[in-house]
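Opening the notebook on this one.

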Amino acid sequence: MAEKVLVVGGGGREHALAWKLAQSSLVQQVLVAPGNAGTASCGKISNSEVSVSNHSILAQFCKDHHVGLVVVGPEVPLAAGEPPPLSCLHLHTTSYDFRSNSVLSSGIVDDLTAVGVPCFGPSAKAAQLEASKSFSKAFMERHGIPTARYGSFTDPQEACSYIRTADYPALVVKASGLAAGKGVIVAGDREEACRAVMDIMKVRHAVSRSSVFKRVLVFKREFPRQDGAFGSAGETVVVEELLQGEEVSCLCFSDGSSVAPMPPAQDHKRLQDGDQGPNTGGMGAYCPTPQVSRELLQEIRETVLQRTVDGMREEGAPYVGVLYAGLMLTPQGPKVLEFNCRFGDPECQVLMPLLQSDLYQVILNTMSGRLASSAPVWHQDSAAVTVVMASAGYPGSYQKGVRITGLSQVEDMGLQVFHAGTALKDGGVVSSGGRVLTVTAVRPSLETALQAANQGVAAVGFPGSVYRRDIGHRAVADLNRHRGLTYKDSGVDIAAGNKLVDMIKPLAKATSRPGCSADLGGFAGLFDLKAAGFVDPILVSGTDGVGTKLKIAQACGRHGGLGQDLVAMCVNDVLAQGAEPLFFLDYFSCGRLDVEVAAAVVGGVAKACQMAGCALLGGETAEMPGVYAPGEYDLAGFCVGAAERGALLPRLSDITEGDALIGVASSGIHSNGFSLVRKVLEKSGLSYSSPAPFSQSGETVGEVLLTPTKIYSRPLLPILRGGAVKAYAHITGGGLLENIPRVLPQELAVDLDASLWSIPPVFSWLQQAGALSEEEMSRTFNCGLGAVLVASPSDAQSVLRQLQAQEAWIVGSLTRRQPGAEPVVVRNLKHSLQNAGPTSRAEPNGSIPLKRTKVGVLISGTGTNLQALIEQARRPSSSAEIVVVISNRPGVQGLKRASLAGIQTRVVDHKLYGSRAEFDGTIDRVLEEFGVELVCLAGFMRILTGTFVRKWNGKKTFEATRSASLNGLTAHVCHREAAEHPPVPAALVQGGERAEAGAAGGGPRRRLHRSFRSGGGGHRSHHRPGGGAGAGGRHRGQPVGQDQRGGAPSLPHRHGAGGQRGGPTGGGRTPPVEEPELETTSVNIDFNIP
């Protein structure tokens, strides 16, 4: 059951935690208290007004609202270990820790856990590591954890004396208690350090320790007034040695025994670029840090993190939660500067996007002591950068209520905005704190992540905001200083390119088809036209791109659909010549290669090639630094097809006045006109993440605009080869006005009626929002028609019936072109655009075409039976459509028959597979690819496994005889048996004879006992095994292609009425075996529409 989780806090860290927790399928809702504008209402995330300072109220709230986990973000609720403020008149019962000279009260984890509410974080006793720097330094000294030399003082004069006499630069002055990350002063000299001590402490009256009694104490006296800059946090100061080196943050999850380190990060405390200006809570961070090698991280794990957790357990305060070690990488090794008992801010905003594991599950594993066996997993080969945007005047006084804009545009750039000091006001976001926003980018490299984050910050409208532009500058300088130049330094990553090739090789291999194997890696690709079944072919080529639709995909971070756009634009062009698309090549160019993005694009290309029936034979990935802006890339595609010499389109001499125009529906805008689309969007003020006013299913603008272009090769190629279509026009760039005339004689004109087809709502919106004229619409966009076919009026209805799986209409006709007249006239376009929307599809005569069954035919040789099937399926009245022919032998005549008929073919050579199951599995995948509903075995000479037969039982599997009329084709259909029968291999036999199933080598067999006829009157008859003559007789025989000894394949043995089948050597009849029966059905498959 999904849990409710409460996150305590209201900063950028808490927004990042809530964002990551909400991604868990185990989490139903994430409440944030008090939260901010970013967590107010965002999917699973919402704010709560429950008091987090009153632990009793908070615990009751969690019980009442079934909160299953509380995650604490800031340190104050956790770290109750420092003495309470001296301004308090009375203190509740507390305990005294003599080792740290501090008064302890319970923290939020202690209080919630005590009443049965799970809470993630360390106990108050364990949180002393952060709450008291004097305790922390003494603890590290006791346990041999490397840290700077130090002194701890409650008297400012003693502290100053120590500063002046220390034999090391004692220039770091810290308030011992919690100071929101600002209680550290790094002095330039001893005098400045002494002034820092006086500023922090400034205590007019000392507190007498004699008033503290042993273990339990109740204060009931007035304390002297505090004037220190840090209040109670400054009652004790720690003076430390000034360490030199690189500062890093190393965090880990700890379950009390084990630690699971996170990738090292680096915070930037100073306000301004170049580490100038005052100290802050943090102006940005990046992760991981290249300064921390894998070996160094292991050293830190052992000498700091694990040693700290072991020490806390030994002292009776097991540390469970997130432990943060701020380290200085000195020449003597890493040394601890400070401990924090929670996620850092802004480190959390770069760590959460890099966490691959489910954060909720990681927390559960941490709380239950299972870290050693279930360590969290992090994204590799990625870098994250976050830039903090602060209010003008921060870290001093600043104005609140400044309106912030442009946040949705930043998210459209593939960046994440984590809110900190923000609030909602009048429907907008305003500033309410010092650190207001963090903009986080995750990219393949630190440099590109920083560039992307800075671009995101620049897109935010926040007047007067303060932010740094050099986050990670020390890492970049370190990388440049310690290595020689490589090709990668110039911006070309060969390793990334090789990784991409390895990722797309199997995708390309899956597009193999007769004529090529689609193996990538060579200098060139090969295609065998003869193996593809061509006799006298003409090659046809086409090339295209996807235009500025790229910009929308890049802004939305949705890249996969562009692959289909690219293939469709090229394949649909080649199809206009009547050519079958054979193979495809892609060109991907970018400034810096993002392997994941490129793989998504090329993966989309490969998937689209399978849809189109062509092989992805090769491609080029070009990484060209400086040519493209970060995150940008371009695409080009190349398709080569072929047509038999006598089947080329258009047939100009056949096209005459009065011919009908058949429009085939588009899926939307396809891939043309997007520069105008983007201009209309800019004018309308909509962003890509806005709800689309032209969508009926709640999609965003970006989602609708990125709808992939339709690929027409599979549905249209058989129709084009059938001869009824005289010309085909792909409605691409130039819209309706410029594309249809490209396939017509010059003396003819086009008369279209827009009221005859359904126009998608997106075109209506574009026309209205952009105030576009009818001519502009029809010259720029397809207006709902992706292709237009030309056919004689007598053939138009037949073509429509063959297009029943597509949305298609008769949309106009050809007329004689008059001198000076336009070649294309589109009537009723404006009216149709005003009423654009989905309509029910019907033929002009009102009849609705019946659905045709998709048939896959399996062959092994000449395909004589196949030819009869093809001829029957071509008839307008046929209710069957052959969508693919599969042969287990390459180059056979049956493949050529299918190819000449415009039917897709595949070769699954049984000799290349190690087992029948692997062979059958490949056939099964091809059938699924083509959406096959009925499988026909037409002279197929291989044994099929029981797994294959059982899968297709619920569908139809039959075997055609050569003499079948196909107007009432007799076939065997296997149906599912009772579940208790164990699975066995199966085989189907030819010629209307019975199929048997048996294990090779004498395994169990099943008898086939029931048959009926459908489509011809519904007559049902029962045939008993072994009896009868003629077509109705059933005889026991062996599976096709296997002798009775389970040996090598052999040809089936035919027998006459009443005859018996012997073995391959003429032996006697196989003795009957009584085994569980497999139901089969003899079906009259009617290829005609009733």
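Predicted model: local features only at pLDDT ≥ 70, side-chain atom pairs only at ≥ 80, totals over all residues.

My entries on those topics follow.

**Cores.** I started with the largest nonpolar core, which has 87 residues. Which members touch the most others there? I got Phe584, Leu705, Leu752 and Trp757. Helix α17, residues 595-612, gives the most to this core, with 11 residues. I also found a second, separate core of 45 residues, and its members include Val50, Leu129, Met140 and Tyr319.

**Leu752 up close.** I listed what Leu752 touches, leaving out residues up to four places away in sequence. The list has Leu661, Leu736, Ile740, Trp757, Val811, Gly812, Val824, Val825, Val826 and Arg827.

**Sheet.** What does isoleucine 404 pair with in β26? Its bridge partner is valine 429.

**Helix pair.** Last entry: α1 (residues 12-21) against α9 (residues 347-354). The packing angle is about 15° and the axes are 8 Å apart. Angles under 35 degrees count as roughly parallel, and α1 and α9 therefore get that label. α1 passes α9 in a left-handed crossing. For the contacts, I noted Gly12, Arg13, Ala16, Leu17, Trp19 and Lys20 on the α1 side. In α9 they meet Cys348, Gln349, Met352 and Pro353.

Terms used
Residues numbered from 1 in each chain as written. Heavy atoms only, no water. Core = buried A, V, L, I, M, F, W, Y, C linked by side-chain atoms within 4.5 Å. Buried < 20%, exposed > 50% of the residue type's maximum accessible area, 1.4 Å probe, protein only. Helix = DSSP H or I, 4+ residues; strand = E, 2+ residues; numbered from the N terminus. Contact = heavy atoms within 4.5 Å. Pairing = 2+ DSSP bridges. Axes fitted to C-alpha atoms, helices over the stretch in contact; angles between N-to-C directions. Parallel < 35°, antiparallel > 145°, perpendicular 65-115°, else oblique. Left-handed = near helix turned anticlockwise from the far one by under 90°.
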